Amino acid sequence: MINGRILVVGGYGSVGRVIATTLGKRFPSRVVAAGRNYHKAKQLSSETQRQVLPLALDIYKVRESELRDVAVVVTCIDQGDTQFVEQCLRRGIHYVDISASYKFLSKIEALDSEARKHGYTIVLSVGLAPGLTNLLVS
């Protein structure tokens, strides 16, 4: 059982909405849809009867309070660097990424030994492409 909040970055987008809503049913009021557009996050929160909570979040300017009590981050957005991933790991937050950028995912893979050393989990390629497509190729 996960203790703490589940932060879905990009949680009101096409893919993030499905993830946040599904998790919100299982973990009501512990799932947070986050992104730069608070209005969209709040709208999703209303649609789910607050099973999913809203948060305005810019991953390049994260305040400590925004990650307080977060156990898992599911990222549904493309990123340019690993700054946010590293911040999650420093705070002991497990990290799941559904993006498909090989260049970016390779940068995250370089953090694997550090994550393992501290017992944190990084899960990559969780989306349909490359996630499911990689599984089918294997």
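Visitor: Which residues of helix H2 (residues 38-47) are buried?

Guide: In this predicted model, the buried residues of H2 are Ala41, Leu44 and Ser45.

Visitor: Why is E3 described as largely enclosed by the rest of the structure?

Guide: Of the 5 residues of E3, 4 are buried, so the strand is largely enclosed by the rest of the structure.

Visitor: How do you know that E2 and E3 pair, and in which sense do they do so?

Guide: Pairing requires at least two bridges between the strands, and E2 and E3 have 5 bridges, in the parallel sense. Within this pairing, Ala33 stands opposite Pro54 in E3. Together with H2, the strands E2 and E3 make a right-handed β-α-β unit.

Visitor: Why does Gln79 count as buried?

Guide: Gln79, which lies in the loop between strand E4 (70-75) and helix H3 (83-90), has a relative accessibility of 9%, and buried means under 20%, so Gln79 counts as buried.

Visitor: What makes the approach of the side chains of Gln79 and Tyr95 a polar contact?

Guide: A polar contact needs a pair of N or O atoms within 3.5 Å, one able to donate a hydrogen and the other to accept it; the contact between the side chains of Gln79 and Tyr95 is given at 2.8 Å.

Conventions. Residues numbered from 1 in each chain as written. Predicted model: local features only at pLDDT ≥ 70, side-chain atom pairs only at ≥ 80, totals over all residues. Heavy atoms only, no water. Buried < 20%, exposed > 50% of the residue type's maximum accessible area, 1.4 Å probe, protein only. Helix = DSSP H or I, 4+ residues; strand = E, 2+ residues; numbered from the N terminus. Right-handed = clockwise from strand over helix to strand, strands pointing away.
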